Structure formats: C-alpha cells, structure tokens
Amino acid sequence: MRWVGCAMALSLGIVLAACRFIPTDQVSAIGAAGGTNGAAARDPDQMVASMWAAKVVPYFEKKAGPFLAARDLAATAPDQAGAKWGYRAKAEATPWTLMVRIEGTIVAADTESRAATIGVDASGEGKTDASVQIGPAMRGTAIRDALDFVSFGDFTNQIDFARFGKAFNTYVNHNTLEKLPRDDLVGRKVTLIGAYALDSSGEPPLVTPVEITIGPKP
Amino acid sequence: MKIRYALAGALLASAAFTGSSAYAADLIAVITPSHDNPFFKAEAEGAEAKAKQLGYDVISLVHDDDANKQSQLFDTAIARSAKAIVLDNAGADATVAAVKKAKDAGIPSFLIDREINASGIASAQIVSNNYQGAQLGAQEFVKLMGEKGAFVELVGKESDTNAGIRSKGYHDVIDEYPNLKMVARQSANWDQTEAYSKMETILQANPGIKGVISGNDTMAMGAEAALIAAGRKDVIVVGFDGSNDVRDSILKGEIKATVLQPAYREAQLGVEEADALIKTKTAPKTEKQLMDCVLINSANAAKLETFELKP
C-alpha cells in the first residue's frame, strides 16, 4: 500500500508544481466535475462501480464470517474477531469493521424513517440480533472501512475519502436496496452479507449490506 | 552520542532552551493556531508535555492562521535546527510549501488535526475522523430536532479542510430528512465573537429557528450566548471539538451535544512518532492516520476533561 501511496504522491507532487491554490470548498466540486490539470481526478461513484463486482463482492464473500459467532467472539475478544473476519486501518482510535453473513427472519421493520432498517433475528430467539440498513438514508462508511485494499492515504484529503465512503452506500442503495420490498416485511426470511463497525453501545449492530435477499411474504 | 547529549540536555533543563550549548537536548518545534481557542492550547500542552517527557526541548509557536507567519515560524524552526516540527497548520494548500521547505532542510513534519492536500511531504498527518464525527453530531441533532424544523448551520474557516468535511458529514445525514429545513448557512471562521454577532443577525431574520448546528465548539459557544441573550434558550445547539467550555454548557443544560476530537492524544502521538523517527529512524506505518471521534452529551459530558474522556 505504501508504494501505491508513494507513486500517487509523486504524480501529485509533479502536478502540484503547476497548480494554483483554490479554496477548499471548491476542491470537491472540481473533483466531481471530472478533475483538474490531469491529476488523479477521481469520480468516486465510477471508482466504486468499477471495483464492486470485481473486487468488493468477492472480498466480502471470502472474508465474511458467521454473524452469531463473530458477534459473540467480538464481545469478549474483539481483536480475535477482527483478525478472523474484519479489518481496521490501524490499531489506535479505529474500531474493527467486521464482515458477516446473516441468515434469519425479519422481526422488526422501520420504514417510516428515511434511515430505514429491518431487525433480523438470527438466533431464533424472536428478537433483533442485527439491525440492517435498507436505505435510502444510509449511515456510516462500513463497506469502505472493511476493505483492506483501500487506504485514506490514497486520497487527497478527508473530503475525497468521505465521498468515496458515501459512494459505496449510494451504489448498494441504487443497485440493490431500492429494489427490496418495503411492505409486510415482518416474518419474511432474509439472507445477507454485510459489514458493521464494532462499538461499545450494547445495541444490536447496525449492518450495511453488500448483498441481500428478502424472501416472499410468509 | 545523541542519547548522551539528550540526557545532558535534560539535566541542564532550564539552560538548554536556546540550543546554543553543545550539550543541548534535541529541539522539537510545536506550531499551532492561537491558544485563545482551548482546542489548540490543549494540543500545544499535550505536545509539550510529551516532548519534555521524552527528553526534548520544546518551542511552542503560534501562526494565528496566517500562512505567511507560519512560513516565518518554519524558518525559525529551521534556523534553530529543530529535529522535528509538530504542526496544526494554517491552510491545506498554503502549508505544502512550508512542510516541503522543512523537509528539504532535513526536518520532518508531523501534522495533527488539520491535513494538507498532499502526501509524501509530511511524515505524518494525524487527523480526527471528522466525517465520522460529524455524522455522529448530525444524527444526534436530527434526533433532538425530532426530524423536523428550521435550523441554521455555522461553518468553519474556508481554508481548513475540516470546515468542509464536517459540513459534508452534517449534510449527508441532515439532507435525508425533508422536514428539516436549513434557513441560513454562514461561516463564522471558527471564532466565538464572530459566531455571536452572526447568530444575533440570523436570529433577527429567522425568529422561527429551532436548532443550530455548528462546525466547532467556539462558534457553538458564541451562538449559544447570543441565543441566551435574546431569550431563546429553547434553540437546540450542537457543536464539535469536545471543549471544557461546551462540556460545562452541556452540564448546565444549554448546548445539547458536541463531538470529541481526541486532540490531546493526537498531539502526543505526533510527538511520539517524531521521537521514533528521530531516535530509531522508524517512520509511522502510514502517513495519514484517522482517529475516530466520540459523541458527547449529558450522558458522558462529566467524564470529559481537556479533550480526553476519562474512564
């Protein structure tokens, strides 16, 4: 990763010599318009689209662990759970992002809020074990944060890095979540692969799906 | 050899400041915005404390958010043969040249809090995960607002990447709620006094506002003071930084929430990484390092002290 960072830094350095200074709030706008002066101009939505099927989905399918086991191990030994089924960019002040496979029944659904979620019972105990985001308003950057081939150092600044994180949410929303049913969700079966950041809240994890299938009304 | 000098320097602590003695300790220069803002004061104090603990002399300099002054301070650090610079910078684009100048003179820079728009020049850029933090603050704001009502956004200084990233984080949450209506958005340049007068004016033009979301705590303090002076304690205010002032305000039931940036720890980490490079030639694993932020509200405000949450 450092070599990639260095190569990009070099190309950025060469280009910077010819740059003019622009206010920060215009930087993102220029990036969105397709770039300036031939620098590593990035359209985050295009970047995500080009890597989704080729890299992101295979990565998740390979790394995702069984949700209940991951959750339970994370509760007592988060570093072990992270090493088996997760990623974090560094050790300090960065939570583990775990990748999990969940199969269960929908026992709750909040489609009133724009940040809609379904509560999935994976353990058969009849309560929500995981809260899964189904959009359109999506929280966090769990998909991006799970990827060990993506690094903050590859981006000009936090704004670009954040736009990239959001682009994953936009992509899964547009290509998958928008197509999910919104009515009569409770009682349906669901399977998914997704990511969530470990926290100490004690609440069921908030999972962002990469793949999700909801079954028919029971 | 260096270790002997450093130990001798530490023993001669009070005399070693000018670095003119052959036995002076190595010097680290800490450069930040004005200490009028407790955030930057805490950074400087954190960096100084860690540097002294590790046996360095420290000069603590203030650039007042002026890129020209910052450049002169870099010249000072170079002239004094500082072994490293710990910097909270005066502009993401303007600072690139200064950091490069120091690097060319053999002095590595360890950036904290604010990043620059280039990699491969600074040895480290330790920044708060402002987007993650802003999302936390905005989610709390949305909850407090009951997902509806008129609100105001106060934005930070334009040259600081953090102003834009926090605003983006706020909007990526708030814009999803069509019943939350932004009636005014203005920059108060991170400044408490400026936020006070802008809030006064905005309130007069928009008496129906229900909430204010602010890019940082000093602006939140200014806004809150203006609202209280106008008899509008009902307005919900959320800030960003995790200052003691806002902590106290939260505990009094005034400002409702803020987001803690681990500023003290970032400053100390900057010095630790400088020390590792100086003493063992070990560079940080990655240049750009994001440190997650934490939501502060009445539930945990009492544990907050100088930009750290006590257990």
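Is A:D184 buried or exposed? I count A:D184 as exposed, because 12 C-beta neighbours lie inside 10 Å. My cut-offs: a residue is buried with 20 or more other C-beta atoms within 10 Å of its own, exposed with 12 or fewer, and partly exposed in between, with C-beta atoms placed from the backbone.

Before going on, I noted that this is a predicted model, so local features need pLDDT of at least 70 and side-chain atom pairs count only at pLDDT 80 or more, while totals for chains, interfaces and linings use all residues. Residues are numbered from 1 along each chain as its sequence is written, and chains are lettered from A and ligands numbered from 1 in the order in which they are written.

**Entry 1**

I picked A:D184 for its positive phi of about 50°, although it is not a glycine. I found A:D184 in the loop between α7 and β6 (189–197) of chain A. Helices (H or I, at least four residues) and strands (E, at least two) are DSSP runs, numbered from the N terminus.

Chain B has a case to note as well: B:E147, not a glycine, has a positive phi near 65°. B:E147 sits in the loop between α5 (130–144) and β6 (149–155) of chain B. With 17 other C-beta atoms within 10 Å, B:E147 is partly exposed.

I also looked up a cis peptide bond, which joins A:G135 and A:P136 with omega about 0°. A:P136 belongs to strand β5 of chain A, and that took me to the strands.

**Entry 1: chain A and its strand β4**

I listed 7 helices and 7 strands for chain A. Along the sequence they come as α-α-α-β-α-α-β-β-β-β-α-α-β-β. Of the 218 residues of chain A, 38% count as buried.

Which strands pair with β4(A)? Strand β3 (residues 97–110) of chain A pairs with β4(A) in the antiparallel sense over 5 bridges, and strand β5 (residues 130–136) of chain A runs antiparallel to β4(A), joined by 6 bridges. For pairing, I need DSSP to find at least two bridges between two strands. β3(A) and β4(A) make a hairpin with 4 residues between them. In the bridges, A:A108 has A:G119 of β4(A) as its partner, and A:A115 stands opposite A:P136 in β5(A), the proline of the cis bond with A:G135.

I then checked burial: 5 of the 7 residues of β4(A) (residues 115–121) are buried, so this strand is largely enclosed by the rest of the structure.

I traced an open sheet of 6 strands in chain B, in the order β2-β1-β3-β4-β5-β11, with parallel pairing. Its edge strands are β2 and β11 (288–291) of chain B, each pairing on one side only. Neighbouring strands are turned by 15° against each other on average, direction ignored. α2(B) packs on this sheet, touching β1, β2, β3 and β4 of chain B, and its direction makes about 170° with that of β1(B). Axes here are lines fitted to C-alpha atoms, for helices over the stretch in contact, and angles run from 0 to 180 degrees between N-to-C directions. Contact means C-beta atoms, placed from the backbone, within 7 Å.

How many residues of α2(B) are buried? I get 12 of the 16, so this helix is largely enclosed by the rest of the structure. Among them are B:F39, B:F40 and B:A47. Just after α2(B), B:G55 takes a positive phi of about 95°.

**Entry 2: the largest nonpolar core**

A nonpolar core is a set of buried Ala, Val, Leu, Ile, Met, Phe, Trp, Tyr and Cys residues joined through C-beta atoms within 7 Å. The largest has 144 residues, and A:L98, B:I28, B:I85, B:V86 and B:A223 touch the most other members. Helix α7 (residues 158–175) of chain A gives the most to this core, with 8 residues.

I took a closer look at B:V86: leaving aside neighbours within four places in sequence, its contacts include B:I28, B:A47 and B:F110.

Methods:
Contact = placed C-beta atoms within 7 Å.
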